[in-house]
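Student: I would like to learn how to read strands, sheets and chain contacts in a model. Please give the general idea first and then the case.

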Amino acid sequence: MIVQLGQIVDALGGELVGGGREIVISRISPLETAQADSISFLSNPRYATQMAASRAACVVVAPAMRELAAQRGACIVAANPYVYFAKLTQFWKMQQQGMRPVGVHPSAVVDPTAEIAPDAYIGPLCVVGAGVRIGAATVLRSRITVSDGCEIGERCLLHPGVVIGADGFGFANEAGQWIKIEQLGKVRIGNDVEIGANTCIDRGALDDTVIEDGVKLDNLVQIAHNVHVGAHSVIAGNAGVAGSARIGQGCSIGGAANILGHLTIADGTSISPTSMVTRSIRQPGLYTGIFPLQTNEQWEKNAASLKQLHVLRERIKKLESALEGAKQQ
Amino acid sequence: MIVQLGQIVDALGGELVGGGREIVISRISPLETAQADSISFLSNPRYATQMAASRAACVVVAPAMRELAAQRGACIVAANPYVYFAKLTQFWKMQQQGMRPVGVHPSAVVDPTAEIAPDAYIGPLCVVGAGVRIGAATVLRSRITVSDGCEIGERCLLHPGVVIGADGFGFANEAGQWIKIEQLGKVRIGNDVEIGANTCIDRGALDDTVIEDGVKLDNLVQIAHNVHVGAHSVIAGNAGVAGSARIGQGCSIGGAANILGHLTIADGTSISPTSMVTRSIRQPGLYTGIFPLQTNEQWEKNAASLKQLHVLRERIKKLESALEGAKQQ
Amino acid sequence: MIVQLGQIVDALGGELVGGGREIVISRISPLETAQADSISFLSNPRYATQMAASRAACVVVAPAMRELAAQRGACIVAANPYVYFAKLTQFWKMQQQGMRPVGVHPSAVVDPTAEIAPDAYIGPLCVVGAGVRIGAATVLRSRITVSDGCEIGERCLLHPGVVIGADGFGFANEAGQWIKIEQLGKVRIGNDVEIGANTCIDRGALDDTVIEDGVKLDNLVQIAHNVHVGAHSVIAGNAGVAGSARIGQGCSIGGAANILGHLTIADGTSISPTSMVTRSIRQPGLYTGIFPLQTNEQWEKNAASLKQLHVLRERIKKLESALEGAKQQ
């Protein structure tokens, strides 16, 4: 694919410094690997030396970098170069692939009572249950199940293998056997939500499971029944959120992190990858619960000490007392 | 949906105290959020004050709570209110949705040699392989694969995306290359087993992978080849069980916990979420292996100390000796 | 199924010691559970006593075990008995099931622009996108999505539920909202790659995600955008590799282990299960980051101490100084 710089600024705005509307671009590249036909971007001033060395035909920069960028050739000045880059990828994809498809693929199995917006897309081999509602411009890529009664907002994107509205995991124990608690709630998903491949969002037990607007879930994420994920939070791959946990707005949950049930996580909290959250977090910040990686040999030594850690603590206390006693003699 | 209390006790038993068979119920709710048309339940005496304050039209209580509950209005006395609640959700779903479907959805791909009970249900876009056996009243919701030769008992429920009988992960290394070990065993699943969305149970290498009666698996669980899960054990979401591990009966494996291969876990063992089980457990109990969550700042300090933990231990030993020496002077 | 020892050595080589070409074998078994009609194998000399006690009709052994094995009956001598066993399972499966199927199952949804080798197999209810290329003898079992433009080499095996080429997880934040970065790269998979059930490999952002020849991925593995997995590496179930990480050749990543983004892992590195890799590994070896499993009671004590670990360290330092001071008095 080929576009000219002029087409890009006409579509996305930004100031093209030093002319060059006719310069031909055939790829988007990072600064290091850019070719003479690449457009690139500088989102962090720390990489300014990379920009100087780059072969890119054009670099998108912030206003503060205008002079430096102009010295090396064509540049586009934009308030936020990384956001500009994101919009450029969208422009690029639209040029390459044209409009996204609309309608229901003939291989999908859609219940006649489902309400699907006319410009939504239900891809191949999807299953859409009774009473489901799917909003305008939402796309179900392929092989997705949306179970009975669940609701998905507008402009959402669901990747292959997603399962919305399977039963939450709820049982009552009667004499050692598990009696199923039917899950009578549903899943309600807001607008502008993206859900990664093979991610699962269970329906609520009595009330609903809720994913607010603008949430982004990566692949293989598990969202249990009655979880509430606040607007514009992101959850990375393999993470799990147990039943009835409430994640605030604008949170960031790292890959393979897990949040126990019934906890509340404050707006704007970040959880490091693979951390386990065992208590509610009231104060936003970055929280971590990772055992540091070591050679297996070192780990074996430290793990052995760790099992005696509370004993070590007692030994230190005794030493302190003894030392105190020795001084007073 | 609307039901009368009289219908509920006629169907599920329990003693309706203080009349009110004609009271109309239109939802099941927790005590806190109950409305005037809600039925609720008190499963833990600790929440008795919540009951007193609840607006619920009727509360299901244990015999010991009979007097207290009767003071506030209609109540149903049942031996185990939580089990009663579970059965009520089943009654509710049946009223709402009627009988579950039976038969094979026309979009499913079923090998002609598969033996499927006449009242089982194979939902849309499922794949059922050669020689598979599926027992009475078992339900495959949608988009499920049951591979050649695998067996599923009666009254099981499989959620969308489940994969039964993919090849176990087995290879022999020959000069740096991996030679596939064909997996000649199958998967055998007992009765009353529930399997969550996108969960995978691999076929055995030589012998079979076995899931006994009454086991409940949550979403995105990985069960490797030749694993044996004992009756009425539960495994929460994202957990993994490596090859040939043997989990006893009535165990409870927390979310994202992992069990190494070839281990044995005693009947009645509980494993905390995200814990890693690296040795067999002979004694039932609750076992945990979680690094405590901290602010990232604290974690950085502790992780650095942790790498020196065995050195700390040595320093304490020396201090003890020196102190002993000082005293004897 | 029944085969004679003569058929086995004719097909797979190895020296049949002491005659017995006509001995009938009807199963492959481990030494301990072998029956009189079993063929078994001794891959580790440590288990030589198990061999002596085994009821197996024939044991496959290394040259060094020839005498010992011959004393108890028929044996096949092979350079690497475990590799011989692997090839025997392949022979066995071929005898049982005949040739694998070829062609495209009529229920699969394949874009007309996809290029599929004539002897590849696209199983039931798969989705193959525009411009996809699938090499000779590659098998897609069932319910697999290969997204637009992705490439899969020869002799690969993909298990049900696999998703190749969903969008990588990339967004730019603009005033608290997430702007999608379209993922313009693809996924390129080499030859002889096996991919487990419900595993996801995302397409690259600008460049491609690459899985080299001979890689084996287990179930429910997450491979993020722009990851590069070197030839003949294996990744066990539930593991995750974050964006742009680069795993060398011949690595072994344990189950539920996670590797952070943009890291480099040296050729031949092994990572223990559930470990979290937070830094690049330049030196091959076995690395571990697991919190040791304990009873929950012990864990509570140690976790409390652990939160004070850096304080403990300071206390030891003070003790050392004080003791030094006491000695000098």
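Tutor: Two strands count as paired if DSSP finds at least two bridges between them. Helices (H or I, at least four residues) and strands (E, at least two) are DSSP runs, numbered from the N terminus. Note that this is a predicted model, in which local features need pLDDT of at least 70, side-chain atom pairs count only at pLDDT 80 or more, and totals for chains, interfaces and linings use all residues. Residues are numbered from 1 along each chain as written, chains are lettered from A and ligands numbered from 1 in the order written, and side-chain values use heavy atoms, without hydrogens and water.

Student: In which sense do strand 37 of chain A and strand 36 of chain C pair?

Tutor: Strands of a sheet pair through backbone hydrogen bonds, either parallel or antiparallel. Here strand 37 (residues 294-295) of chain A and strand 36 of chain C are antiparallel, joined over two bridges. Within that region, Thr295(A) is opposite Tyr287(C), a residue of strand 36 of chain C. Strand 36 of chain B also pairs antiparallel with strand 37 (residues 294-295) of chain C, over two bridges. There, Thr288(B) has Gln294(C) as its bridge partner.

Student: How do I read a strand order, and which strands are at the edges of the nine-strand sheet of chain A?

Tutor: The order lists neighbours in the sheet. In chain A, an open sheet of nine strands runs 9-12-15-18-23-26-29-32-35, with parallel pairing. Its edge strands are strand 9 (109-110) and strand 35 (276-277) of chain A, each pairing on one side only. One pair inside that order is strand 23 (residues 200-202) with strand 26 (residues 222-223) of chain A, parallel over two bridges; Cys200(A) stands opposite Gln222(A) there.

Student: Why is one side of strand 10 and of strand 33 of chain A left without a neighbour in the sheet?

Tutor: Those strands belong to an open sheet of eight strands in chain A, ordered 10-13-16-21-24-27-30-33, with parallel pairing. Strand 10 (115-116) and strand 33 (264-265) of chain A stand at the edges with a single partner strand each, so one side of each has no neighbour in the sheet.

Student: How many residues does each chain give to the contact of chain C with chain A?

Tutor: Contact means heavy atoms within 4.5 Å. Chain C gives 68 residues and chain A gives 62 residues. Buried area is the accessible area (1.4 Å probe) that two parts lose on being put together, summed over both. Between chain C and chain A it is about 5,600 Å², with 66% from carbon and sulfur atoms.

Student: How many salt bridges does the rule find across that interface of chain C and chain A?

Tutor: A salt bridge is a side-chain nitrogen of Lys or Arg within 4 Å of a carboxyl oxygen of Asp or Glu. The rule finds five between chain C and chain A. One of them joins Arg141(A) to Asp167(C), with the closest N and O atoms 3.5 Å apart.

Student: Which residues of chain B lose the most area to chain C?

Tutor: The area buried between chain B and chain C is about 5,600 Å². In chain B, Phe169(B), Trp178(B) and Leu206(B) lose the most area to chain C, together 11% of what that side buries. Across this interface of chain B and chain C the rule gives five salt bridges, including Lys93(C) with Glu182(B) at 3.5 Å, N to O.
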